[in-house]
Amino acid sequence: MEKKRIYLSSPTMHGEEQKFVEEAFATNWVAPLGPNVNSLEKEICDYTGSKAAAALSAGTAAIHLALKLLEIKEGDIIFVSDLTFSATVNPICYEKATPVFIDSERDTWNMDPVALEKAFEKYPNPKAVVCVHLYGTPAKLQEITTICEKHGVPLIEDAAESLSATYQGKQTGTFGKFGIYSFNGNKIITSSGGGMLISEDEKMIEKARFLSTQARDAARHYQHSHIGYNYRMSNIVAGIGRGQLLHLEEHKHKKQKIYQEYQEAFSDIKEITMNPMNPEGESNCWLSCLLLAEGCQVEPNKIMDVLEEENIESRPIWKPMHLQPVFEAYDCITAEGSIKDREKIESGHIITVGEDIFNRGLCLPSDIKNTKEDMEKIISLIRSLF
Ligand SMILES: *Cc1c(COP(=O)(O)O)cnc(C)c1O
């Protein structure tokens with residue numbers, strides 16, 4: 001018999017989602033707008049404390065529109081987290097702008113403020129900074145926002161993974177000029193697919209709604225003076241999102257409990273540490289990750305193989321963007337400066353902090369439906385290797 005699949009992070013539905021969807025059917029609001037869309041925007045604002053929100057078809061669409069609203073053009077330099085999912089970077093390339101990757105620090109695995117400051121030495125005029133809160137753990141926002149303000153550069157927070165995580169008591173996503181969330185299938189809550197753009201600037205969010213619905217001018221006939229997009233969230237999708245939002249806090253607590261269980265279970269194995277928390281904030285623990293000690297005999301791939309044999313899903317750490325074939329032409333800045341420059345001088349491959357985490361790390365199954373038995377099984381399989 002096939003062993004039960006244990007997932008990394010799969011959708012967890014509760015019933016209310018269906019109620020909102022049924023309501024949409026009953027009222028024939030089966031459209032890329034409608035009462036659920038408006039309500040989800042309001043509810044996200046209420047939850048995060050943000051002033052305005054635009055519900056969109058994906059988190060990636062939200063990043064793209066944030067860049068459009070900042071009028072990013074061909075050749076503009078954008079500083080962006082190196083250790084992330086490619087969706088953070090792709091919209092920069094849609095606009096033919098130039099990403100410059102910023103290495104991670106070891107304290108939270110997020111954008112290193114030292115490397116960010118360093119990046120301004122080589123590229124003094126970036127048009128935006130895109131900072132990710134990896135695996136739900138807030139970046140060093142105090143330092144990052146200070147640097148952005150000092151240089152007068154707008155910050156976009158890619159909070160796709162960190163909805164419900166806070167920094168100094170405030171929701172991630174609300175620190176930048178724009179914040180984005182994702183409701184993709186494996187995120188902490190899902191609408192089956194979708195995203196949200198948030199900002200304190202209501203005019204900008206109004207403009208995002210305009211651009212996301214094909215940029216129709218206010219005229220009876222179809223008139224256009226801008227290039228538009230079909231990026232609006234559907235009313236069905238928003239219904240699922242509304243039902244999920246009712247359970248966001250519960251999901252967060254369950255995710256945090258999974259992290260604590262792993263942390264306690266591996267506390268006596270000196271080769272294993274868990275992904276670091278930010279003491280200035282509260283992580284939503286979207287994915288629990290482990291990091292193996294330098295020189296550890298067990299490799300992340302070995303752990304993945306052992307889990308996969310038992311039909312348990314795990315995943316490598318995101319492969320850093322500067323190591324991706326599609327982005328290899330672009331520069332990456334570490335705390336010690338540009339790796340392109342350093343590799344010329346030191347004539348050899350520079351291993352960034354992000355690459356080191358990628359080499360030694362692993363994402364553990366973090367599904368909130370995991371039972372006590374599932375967790376025990378995962379833990380004992382991993383423990384048996386040490
Ligand atoms: C999931 C994710 C996105 C993309 O969100 P979609 O809703 O899937 O488009 C962007 N950035 C990060 C860091 C993500 O994890």
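Q: How many cavities of 30 Å³ or more are there?
A: The count comes to one cavity of 30 Å³ or more, a cavity being a set of points on a 1 Å grid over the protein atoms alone where a 1.4 Å probe fits but cannot get out. This is a predicted model, in which local features need pLDDT of at least 70, side-chain atom pairs count only at pLDDT 80 or more, and totals for chains, interfaces and linings use all residues. Residues are numbered from 1 along each chain as its sequence is written, and side-chain values use heavy atoms, with hydrogens and water left out.
Q: What volume does the largest cavity have?
A: About 80 Å³, taken as the space filled by probe spheres set on the grid points.
Q: And which residues are closest to its centre?
A: Of the 14 residues lining the largest cavity (an atom within 4 Å of a point), those closest to the centre are S10, T12, K187, I188 and H251.
Q: Which domains contribute to that lining?
A: At least three residues come from each of domain 1 (16-247) and domain 2 (249-331 + 338-383), with bounds from an automatic or database domain assignment.
Q: Now the ligand: which residues are closest?
A: T60, D158, E161, S182 and K187 are the closest of the 15 residues that surround the ligand, each with a heavy atom within 4 Å of it.
Q: What is the distance from the E161 side chain to an oxygen atom of the ligand?
A: An N or O atom in the E161 side chain is 2.6 Å from a ligand oxygen, and a polar side-chain atom of N184 lies 2.9 Å from an oxygen atom of the ligand.

Terms used. A polar contact is a pair of N or O atoms within 3.5 Å; within protein, one must be able to donate a hydrogen and the other to accept it, and residues adjacent in sequence count only if both atoms are side-chain atoms. On a 1 Å grid over the protein atoms alone, a cavity is a set of points where a 1.4 Å probe fits but cannot get out, and a pocket is an open set with protein on both sides within 12 Å along at least five of seven lines; lining residues have an atom within 4 Å of a point.
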